[in-house]
Structures are given as structure tokens and as C-alpha cells.
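These are my notebook entries on a structure that I went through by element and by contact.

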Amino acid sequence: MTLLKIEGMRVEFPSRRGSVVAAKDVNLELASGEILGIVGESGAGKSTIANAVLDLLDPPGIMPKGKVFLEGERIDGLSLEQMRKIRGKRIGMIFQDPLTSLNPLQTIQEQLVETITTHLPMNNKQALERSIEMLEKVGIPEPAIRIKHYPHQFSGGMRQRVVIALSLCAEPDVILADEPTTALDVSIQAQILDLMRKLVKETGVGMIIITHDMGVISDVCDRVMVMYRGDVVEIGPTRKILGNPDHPYTRSLISAVPRPDKRLHRFPLVEYIEEAGVPYKPIDIKTHWLGQARDFDKPKSDHLISIKNLEMRFLTVDSVFKSKRKYLRAVDDVSFDIREGEVFGLVGESGSGKSTVARLICGIYKPFGGQVIFDGTDLTALGSRRVANHYRRQMQMIFQDPFSSLNGRMRVGDIVAEPIKFHKLASSNAEVKSIVNDLLDHVGLGAIAAKKFPHEFSGGQRQRISIARALATRPRFLICDEPTSALDVSIQAQVLNLLKDLQEELSLTMLFISHDLPVIRQVCDRVAVMRDGKLVEVADTEDLFEAPQTDYSRHLLELMPRLEGLSGAG
Amino acid sequence: MPEYFKDFWRRFFDSDIWWSFKSSPLVVVASIVTFIMIFSSVFATYVAPFNPFDLAQFDLMDNLKPPVWMEDGTSKFLLGTDDQGRDVLSTILYGSRVSLLVGFLSVIFAMIIGIVVGLVAGYSGGWVDAVLMRIADVQLSFPAILIALLVDGIVRGILPKGSHDELAVYVLIVAIALSFWVQYARTVRSSTMVERTKEYVQAAQVIGLPQPLILLRHILPNVMGPVLVIATIQLALAVITEATLSFLGVGVPPTSPSLGTLIRVGNDYLFSGEWWITVFPGLALVILVLAVNILGDWLRDALNPKLR
């Protein structure tokens with residue numbers, strides 16, 4: 001039975017510079033008990049479809065064309081009051097961020113009971129019973145006690161369960177889930193996806209999952225719709241789309257997904273997505289600026305970096321008395337070595353302390369205890385700023401968020417020139433300028449980028465600017481802190497390719513931090529697994545993926561989306 | 001670099017700010033009024049029909065003439081004359097010059113103090129922050145006028161008697177600035193605390209830049225937006241405070257009158273029927289403050305991306 005049907009939907013956002021078409025000619029049908037995935041990259045118009053169905057488009061969005069049917073009855077163009085009765089009651093919603101989709105000032109009970117009594121003919125007592133039953137259904141232990149708690153007393157995954165319970169409690173026919181697991185850790189993502197699948201099969205509702213993540217699609221969806229810049233590119237059964245896609249965009253998108261099962265040298269076929277700008281051209285390291293006068297000493301041992309018993313604590317409860325102070329042990333007795341010229345991965349869930357380790361190494365935080373030995377010198381014991389700068393120049397960092405890691409008030413050229421000027425790596429302004437242009441060229445942006453401001457670039461291009469800035473000090477050690485987790489998969493593939501080319505060309509040593517195991521497998525030579533500030537396992541990448549030694553590593557690997565039946569493109 | 005400027009103007013006329021400016025007639029009118037008032041007071045020597053400070057140019061016989069449209073009014077004195085026979089229009093133009101000078105300088109002075117305190121407090125945190133912000137709190141608990149009176153009193157005590165009148169304007173500027181810096185400091189401090197944690201600041205740390213350079217080159221430009229908006233609103237406030245202090249008799253001396261002094265002088269004649277001496281300077285003050293305030297309000301909204 002067809003629950004939801006969309007015919008010829010078109011959504012526009014009129015602005016003073018002409019209309020932006022966010023979705024054109026969307027047709028879809030959703031049957032009961034079915035999970036339909038809508039996949040695409042940011043700006044493809046996925047969320048717009050869900051919002052248009054519920055008449056929740058952000059102003060000034062409008063739907064000039066198209067029809068929406070719910071169980072054969074037309075629901076577009078209804079009055080506000082009629083629409084309000086459909087939202088929540090007949091179409092439930094699950095939003096991306098479980099931290100903000102619950103009211104922090106109300107207990108879970110208040111929120112559930114309110115929703116139920118609004119939509120179903122029940123009194124408070126019946127509603128309470130039903131609430132507890134719903135919480136039990138979504139797998140919250142001791143629901144009768146937990147229902148009295150406030151949202152902040154639940155973890156992220158538990159909160160998303162509550163949100164699911166909230167969206168199910170009024171017995172809707174259709175559930176729209178917009179990136180329901182994006183804000184969650186892999187282990188919790190797997191549980192939530194299992195739960196959603198189970199509930200859909202049990203209750204016979206239809207569900208639309210909007211996501212950018214091929215792993216989610218391959219895990220739970222029956223059918224997939226692929227979108228590209230407002231167009232529906234392809235729609236069909238999951239197995240068919242993932243295994244044997246027709247459209248070149250889908251093929252290119254799938255080839256950009258990091259494969260968990262085998263290591264490829266590079267990501268193939270990623271040029272379809274973003275205008276590549278300037279094609280990558282190899283440089284001769286012996287004559288190029290990046291290779292000149294690196295004045296690095298010959299490595300004293302084959303370990304470029306040695307971390308010894310590193311420890312970091314953040315004060316959580318302050319007190320005048322030392323013994324009463326409480327600390328969060330963000331990094332607890334961590335030791336590892338990174339060899340010259342290798343890519344060393346650091347993997348773990350959020351809060352495991354991986355980013356803190358990176359910041360301790362490059363000196364943004366001062367360690368509570370332990371040593372960071374860089375090329376035979378203990379950096380934590382360095383006194384003077386001048387000496388420290390000598391080492392700082394040799395290690396640079398690429399940050400996670402491309403939107404906050406560049407100063408929006410500076411031109412790109414000045415951003416890249418700043419480290420060159422500060423460390424006096426060039427003799428004249430003209431030389432600085434030519435080096436900057438060359439670097440921007442090299443990361444694929446072209447010299448014209450120097451005159452622009454960061455906000456004129458997309459996330460992937462900004463990450464390239466970050467890379468150019470990091471290269472500007474001629475480093476030998478590069479720390480990448482989740483460099484691609486804020487990017488779309490195809491852009492991620494391009495940026496990872498670039499990093500790989502640079503690493504090989506300049507024989508850089510890299511510390512690569514990520515929560516994404518498939519990415520780690522594609523990029524790293526050796527991997528360290530972290531959990532709750534402690535090091536769990538250090539192993540060669542292939543050994544870790546094929547034969548993990550510890551329970552936690554095995555657990556992490558099991559949670560990794562399998563992407564079975566993925567097309568063999570590349 | 002004409003090419004660069006051409007590019008700048010093209011971008012400017014294409015920008016959202018220019019667009020939101022154009023689409024609000026109230027703001028256009030306010031900016032024209034502000035411009036005319038600033039222009040005519042800066043070039044008062046050329047614009048004003050008389051120089052009210054040149055004894056040769058006015059005659060005691062012309063005193064207390066009403067505005068031109070009333071009986072006895074002459075076209076020589078468009079807005080009438082005061083008790084000494086000075087042209088009211090000219091005194092207003094010369095007076096708003098003093099008012100605007102005090103307004104601009106005190107705002108700039110307050111802005112500098114506030115930005116420095118705010119940046120240091122926000123970036124260092126800890127006890128430095130605590131001490132600076134407690135000082136700011138103490139400052140906030142005094143009304144601006146009380147602080148101005150205090151500064152004025154101290155300066156009167158320290159300086160020799162004769163020199164006070166010459167320095168009166170500067171005393172006023174310092175006094176107003178000292179009572180206005182807290183707003184800037186608080187705003188800059190909170191924006192700095194937000195910016196400090198952003199990754200571009202960490203990137204600058206990794207490059208090895210020293211703290212003062214990070215503050216000036218990276219954080220300062222990113223916290224200036226709200227500061228400029230406060231400045232336009234504070235400019236109007238500073239002009240009013242100056243007028244209030246001058247009205248109370250602790251501001252600029254009657255020999256180089258500001259708008260506030262003019263209102264005070266005219267106040268004595270209000271009840272004997274010569275209303276124009278006090279009403280016109282008052283009107284000029286209201287129009288100036290209103291126009292600048294409208295501009296400030298608009299700028300606050302135009303620069304806030306959430307309200308766009």
C-alpha cells in the first residue's frame with residue numbers, strides 16, 4: 001500500500017538575485033513497512049523534500065509545483081491548522097541533533113505525555129502508560145524511572161532513542177528522519193539503525209531516511225533515491241543502486257566512499273563533483289621551494305616522534321584545596337612512536353582523547369605529565385620561545401572544521417603568507433608572493449585564490465587553503481585532526497588524494513586522526529586505537545583490520561558499515 | 001590603485017549592506033541629516049552667516065530678536081538672536097561643532113580603553129579576567145554623570161584656576177570616556193572568549209605567533225563588528241551627556257558654547273517669552289541624536305547575519 005506519494009515536486013528559494021531551485025521534478029512513492037533512503041551531498045536538496053512535505057520550508061522557500069498525497073489524500077496547500085494535525089500525528093519527524101530536538105527544561109515524561117494527549121484521545125494516566133511502553137520499545141532500560149529524567153541526564157544515543165519514541169508515540173503512518181545518526185558515534189549509530197529497522201517492520205510505518213552516508217543506506221534502506229544539485233539522478237532498490245549504478249554521478253559518488261574491506265592506492269573517479277580548479281602537477285622536490293633549505297637534522301633515530309607516558313587532565317571541580325579538586329583524565333598514560341615518513345593513524349570514538357593528543361604534541365595545550373620527543377628533543381622541556389619556534393615550524397596541523405580554521409577577515413594570500421613571513425622563510429615580499437601563488441596552485445586552487453576571502457570558498461576548497469597554510473612553513477611532520485569529517489564523501493576523496501600525493505612527494509610524516517575506520521584503512525600505515533584517554537592497541541593497519549588483538553578493536557570493527565555489494569568501480 | 005578601488009566600489013554596491021541601506025528610506029534620510037549636520041558644523045566658519053565669537057560681528061542692539069517669520073523678525077537673523085545679539089543659527093552651528101568633537105573623541109577614547117581591557121580579559125581569562133571585570137562592574141554601578149562630575153571636580157582641584165576653561169573640553173572628553181568604556185569591554189570580552197576557542201586561533205598558535213600578534217591580527221578584526229555598532233549608539237549618548245553636563249554648568253564654558261550650554265543659557269529666557277534661544281539648539285540636539293541612533297540601530301541589524 002502506498003503511504004506517501006510525491007508527484008512532480010519543485011521547490012524554489014526566491015532571492016533578490018534570482019530563484020534558487022532546491023529540488024526539481026521529484027517523484028517518489030513510499031510503501032508501508034518500507035525504508036526509503038534519500039542520499040546526496042550537501043546542497044543536493046534532500047532535506048528540502050522532507051520540509052516541503054510538512055510545509056516547513058524555511059522562508060522564503062516555496063513549492064510552486066507538485067502534489068503530495070498521504071494515503072491517497074492530497075496534503076499540500078492545506079491550511080496551517082489542518083497541517084498541524086498531520087505533523088506529529090500522521091507524519092513523525094526525527095531530526096539530526098538529539099541535543100537540541102528535546103526541550104531541556106521539561107522531563108521526558110512531560111514531553112511524551114503532551115505529544116500523546118495532543119494527538120490521541122487519551123487521558124494523562126493512559127498517556128503515561130503508553131509513554132513508558134514506548135520507551136521500553138525503543139530500548140531504554142528501566143523506563144518507569146528514566147521517564148522522570150531531564151534530557152541532559154541521557155547520553156546522545158539514548159536521547160536519539162527518546163526522540164524516536166516521541167516521533168512514534170502518536171502512531172504516525174510515515175516517519176521522516178533527517179540525518180538521524182549523523183551526530184552519533186559509530187557504535188551508537190549501529191544500535192539506532194537496528195532499532196529503526198525493527199520498529200518499521202513491526203509497526204508497518206513507512207520511513208524516509210535522509211543521509212549523506214552510504215553506510216547508513218546500505219545498512220537499512222530497501223530503496224534509494226540519489227540526488228544531485230536538486231535533481232533526482234536515480235531511484236531504485238539499494239542493492240541495484242550500490243552494486244550496479246546507471247548514472248555516472250552515482251558511480252562517482254560510490255567510488256569516493258572509503259572501502260572498509262580493502263586498501264586502494266587512490267580514490268578513482270572523483271572529478272565529476274567539484275570543479276577541480278587547477279590539475280595536480282607533480283613537483284621536483286630537489287629544485288622546488290618546498291624542498292629547499294629544509295635545515296632538518298638527519299634523523300637521530302628512525303622514530304621522528306616519541307610520545308612517552310603523556311597525560312592531560314582538565315579541571316572539572318575547582319577548589320582551594322588541592323586534594324578536593326577533580327579532574328577529567330582526557331589523556332591517560334599514552335605512549336607511542338611515529339616513524340620517519342609514515343602515516344600514523346589515531347582512531348577512537350568522540351571523547352576518547354585523540355584530538356587532545358594532537359594538541360599536546362603541537363603545543364596548543366601543555367601536558368600535565370609525560371614527554372613529547374621530537375627528533376631527539378623533549379618539546380615539553382623547552383624553555384625559550386625562540387627554540388620552541390624552531391620545532392613548531394617543523395610540525396603543522398590541519399584542523400577539522402574548515403569554516404572556523406581560517407580567519408574570515410584575512411585574504412587567502414595573507415593567510416598563507418603569514419607563516420612564511422613570521423618564520424622569515426623568504427627574503428623579499430615578491431618572493432613571498434610567488435611562493436604563496438605556487439602553494440595555492442599546488443593544492444589545486446590556482447593563484448587567483450590569493451586575492452579572495454575564505455567565505456568565497458566551499459568546505460573542500462577551504463581545507464585546501466588550510467593545507468597550503470600548513471605547507472607554508474616547510475614542515476616535516478603534519479598533524480591532520482579529522483581533516484575530512486566535515487566534508488562530503490567526494491570532496492573527502494579529493495582531499496585525501498591530495499594529502500596522499502603531498503605526503504609521498506615531500507616524504508612527510510603524518511599523524512592522521514579520525515573516527516572513521518574505512519578512511520583510516522585507506523590512508524594510514526600504522527594505527528593506534530584510543531578509548532577513554534587510554535591507548536588500547538597499536539598495530540599495522542592491515543593487521544588491525546584483518547586480525548584485531550583486543551576486544552575493543554574487534555568491537556569497533558564490527559560496527560563498521562559493511563557496504564556489501566558495493567560496485568567494484570576502480 | 002584605481003583598479004583595486006573600482007573593484008571595491010563594485011563589490012560595495014553589490015553587497016547586502018548597501019542593499020539593506022537602499023531599501024530603508026528612514027535610514028537614507030537619517031544618514032543625509034547626519035551628513036548635513038556634521039558637514040555644516042565642521043565647516044561652520046564658511047556656512048554660518050556670522051561668527052558668534054567675533055565681537056565685531058554682533059551688536060547688543062540686536063539682542064532678543066525673534067525668528068524671521070515672527071513680528072519684529074528680520075531676514076538677517078533666520079532663527080533670531082540671543083540676549084547678547086548673537087545669531088542663534090550661527091551659535092547652533094558653532095555649538096554642534098563642540099558637541100560633535102566631544103562626542104567623537106570621547107567615543108574613540110572609550111573604545112580604545114574598552115577594546116584593550118576586553119581583549120586582555122577575554123583572552124587571558126583566570127584572575128586577570130576576574131579583576132578587570134570586577135572593576136568594570138564597579139564602574140557600571142556609578143551613573144555616567146556622577147563620574148563626569150567627579151573627574152571635573154578633581155581636575156578643578158589640581159589645575160590652576162585660570163587654565164580650567166581652556167581644558168574644559170578635554171576634561172569633558174576624558175570624563176565621558178571613563179564612564180563609557182565598560183560597554184565596549186564587556187562586548188569585546190565575550191566575543192574574544194568565543195573567538196579564542198576557534199581553530200584559526202589555534203592555527204596561529206601552531207605557527208608560533210606570539211600572543212599580542214594573535215590578539216591584534218586575528219582576534220581584533222573578528223570582534224570589531226559589534227564594537228562599531230555600539231560606537232554609533234554611544235556617539236549619540238555622548239553628545240547628550242555632554243549637553244547634560246554643560247546644562248548643569250560643569251561642561252564647556254559659555255564663551256565657547258556647545259549645544260548643551262546654549263540650551264542652559266536660553267533656559268533663563270524661556271519664561272520671559274524668548275523661547276527660540278533654547279528651543280532651536282534643543283531641536284538641533286534631538287535631530288542629531290535621533291539620526292545617529294537610527295543609523296546605529298540599522299547598522300546593528302545589517303551587520304547581524306541572523307537578522308538579514
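**Entry 1: A:Leu315.** The classes are set by the number of other C-beta atoms, placed from the backbone, within 10 Å of a residue's own: buried at 20 or more, exposed at 12 or fewer, partly exposed in between. I located A:Leu315 in strand E11 of chain A, residues 303-317. Helices (H or I, at least four residues) and strands (E, at least two) are DSSP runs numbered from the N terminus. Leaving aside residues up to four places away in sequence, I found A:Leu315 touching A:Arg325 and A:Tyr327. Contact here requires C-beta atoms, placed from the backbone, within 7 Å. I also looked up A:Phe374, which is 59 residues from A:Leu315 in sequence and 27 Å away in space, C-alpha to C-alpha.

**Entry 2: basis of the model.** I note that this is a predicted model, in which local features need pLDDT of at least 70 and side-chain atom pairs count only at pLDDT 80 or more, while totals for chains, interfaces and linings use all residues. Residues are numbered from 1 along each chain as its sequence is written, and chains are lettered from A and ligands numbered from 1 in the order in which they are written.

**Entry 3: helix H1 of chain A.** I turned to H1(A), residues 46-53, where 7 of the 8 residues are buried, so the helix is largely enclosed by the rest of the structure. The buried residues are A:Lys46, A:Ser47, A:Thr48, A:Ile49, A:Asn51, A:Ala52 and A:Val53. Just after H1(A), I noted a positive phi of about 60 degrees at A:Asp55.

**Entry 4: domains of chain A.** Chain A is divided into domain 1 (2-101 + 172-256) and domain 2 (301-394 + 511-559); the bounds come from an automatic or database domain assignment. I recorded 39 Å between the centres of the two domains, taken over C-alpha atoms. How many residues of each domain of chain A are in contact with the other? I found 4 residues of domain 1 in contact with 4 residues of domain 2. On the domain 1 side, these are 2 nonpolar, 1 polar and 1 charged. Ala, Val, Leu, Ile, Met, Phe, Trp, Tyr, Cys and Pro count as nonpolar, Asp, Glu, Lys and Arg as charged, and the others, Gly among them, as polar.

**Entry 5: chain B overall.** I listed 12 helices and 0 strands in chain B. The C-alpha trace of chain B spans about 75 × 50 × 35 Å along its principal axes. Of the 308 residues in chain B, 42% are buried. Among contacts in chain B between residues at least 6 apart in sequence, I noted that 69% join residues at least 24 apart.

**Entry 6: H10 of chain B and its partners.** I compared the packing of H5(B), residues 88-124, and H7(B), residues 144-158, on H10(B), residues 211-248. The axes of H5(B) and H10(B) come within 8 Å and cross at roughly 145 degrees, and this crossing is right-handed. Axes are lines fitted to C-alpha atoms, for helices over the stretch in contact, with angles from 0 to 180 degrees between N-to-C directions. A crossing is right-handed if the near helix is turned clockwise from the far one by less than a right angle, and left-handed if anticlockwise.

The contact of H5(B) with H10(B) includes B:Val102, B:Phe104 and B:Met111 from H5(B), and B:Leu220, B:Val227 and B:Leu235 from H10(B). Its residues divide into 17 nonpolar, 4 polar and 1 charged.

The axes of H7(B) and H10(B) come within 11 Å and cross at roughly 55 degrees; the two helices are therefore oblique to each other. Under 35 degrees counts as roughly parallel, over 145 as roughly antiparallel, 65 to 115 as roughly perpendicular and the rest as oblique. H7(B) passes H10(B) in a right-handed crossing. B:Ala144, B:Ile145 and B:Ala148 of H7(B) meet B:Thr241, B:Thr244 and B:Leu245 of H10(B), giving 4 nonpolar, 2 polar and no charged residues.

**Entry 7: H3 on H5 of chain B.** I found H3(B), residues 25-42, packed on H5(B) at about 105 degrees, with the axes 8 Å apart. These helices are therefore roughly perpendicular. H3(B) contributes B:Met37, B:Ile38, B:Ser40, B:Ser41 and B:Val42, and H5(B) contributes B:Leu93, B:Ser96, B:Arg97 and B:Leu100.

**Entry 8: chain B against chain A.** I recorded 14 residues of chain B in contact with 21 residues of chain A. Which helix gives the most to the side of chain B that touches chain A? H9(B) does, with 7 residues. The residues on this side of chain B divide into 7 nonpolar, 5 polar and 2 charged.

Note on methods
Two residues are in contact if their C-beta atoms, placed from the backbone, lie within 7 Å.
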